Amino acid sequence: MSEDDEELSTKEMRQKAGHQEILGETLAKFEFFQHRWHPYSRFLDVDKVDLLLRRRLPSGTIYREVQVKFGKLYKCTRPWELPLFSNSSWRFFTEKNLDDLTQHKGLYLTYVLSPDDGFKGDMFIFPIEDFARIVRASDKLGNGNYRVYISRAVDDISRWYVRRQPKFSTLNEKTVIDVTSYYRNFECLRPHDA
């Protein structure tokens with residue numbers, strides 16, 4: 001098998017891979033462990049909880065419940081996007097999705113993003129109330145669903161945005177929501193008094 005055939009075979013294999021959320025959970029477990037949390041998988045995805053995190057602190061042991069979403073990260077190619085964004089991932093949410101998530105108080109949503117050539121550490125951690133608020137302010141389609149694009153800025157690769165409109169030429173509060181503070185936001189998991 002030539003190198004080109006092997007690369008094509010690997011790409012096809014990834015595209016046909018089973019439940020990609022499992023990949024996101026595996027990557028999230030590793031990242032949480034690296035940040036001194038002990039992740040445990042839920043056998044059944046009940047109450048929208050994929051992972052339980054445990055951490056022992058001097059004040060006692062704390063637990064966090066996490067829902068994990070995985071998104072494929074693509075290079076931006078549309079001419080209008082190129083001056084603004086280098087990479088994007090997108091996903092659809094319904095109002096019912098958001099209601100189901102926000103009914104679970106204290107839940108955190110971890111959004112893991114990875115291109116085909118491997119995970120580069122792109123991960124967001126949102127308190128669920130913040131995530132739902134951001135999604136509800138994103139691009140809403142005619143059918144009532146939310147089209148959520150998370151995009152990396154082209155001029156400052158440390159900046160990330162959720163798009164509020166389907167197409168625009170400048171970054172401002174009407175076109176995007178800055179979600180950079182949620183990037184690798186492990187600190188939000190710690191108790192406020194720790």
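Colleague: Is Lys-96 buried or exposed?
Modeller: Lys-96 is exposed, with a relative accessible area of 54%, where exposed means over 50%, buried means under 20% and partly exposed lies in between (1.4 Å probe, protein chains only). This is a predicted model, in which local features need pLDDT of at least 70 and side-chain atom pairs count only at pLDDT 80 or more, while totals for chains, interfaces and linings use all residues. Residues are numbered from 1 along each chain as its sequence is written, and side-chain values use heavy atoms, with hydrogens and water left out.

Colleague: Now the inside: which residues have the most contacts in the largest nonpolar core?
Modeller: They are Tyr-111, Phe-124, Phe-126, Phe-131, Ile-150 and Val-179, in a core of 24 residues; a nonpolar core is a set of buried Ala, Val, Leu, Ile, Met, Phe, Trp, Tyr and Cys residues joined through side-chain atoms within 4.5 Å. At least two residues of this core come from each of helix H3 (95-102), strand S6 (107-114), strand S7 (123-127), helix H4 (128-136), strand S9 (146-153) and strand S10 (160-163). H4 gives the most, with 5 residues.

Colleague: And what does Tyr-111 touch?
Modeller: Leaving out residues up to four places away in sequence, Tyr-111 touches a list that includes Lys-69, Trp-90, Arg-91, Phe-124, Phe-131 and Ile-150, with contact meaning heavy atoms within 4.5 Å. There is also a second, separate core of 17 residues, which includes Leu-51, Leu-57, Val-66 and Tyr-108.

Colleague: Strand S10 came up, so what about Arg-163: buried or exposed?
Modeller: Arg-163, which lies in strand S10, counts as buried at 2% relative accessibility. Its side chain makes a polar contact of 2.7 Å with that of Glu-81 and another of 2.8 Å with that of Ser-88. A polar contact is a pair of N or O atoms within 3.5 Å; within protein, one must be able to donate a hydrogen and the other to accept it, and residues adjacent in sequence count only if both atoms are side-chain atoms.

Colleague: Changing topic, which residues other than glycine have a positive phi?
Modeller: Arg-36 has phi near 70 degrees, and Arg-184 has a positive phi of about 50 degrees. Most residues other than glycine have a negative phi.

Colleague: Where are Arg-36 and Arg-184?
Modeller: Arg-36 sits in the loop between helix H2 (20-34) and strand S1 (38-41) and counts as exposed at 59% relative accessibility. Arg-184 lies in the segment after strand S11 (176-178), and at 28% relative accessibility Arg-184 counts as partly exposed.

Methods. Helices (H or I, at least four residues) and strands (E, at least two) are DSSP runs, numbered from the N terminus.
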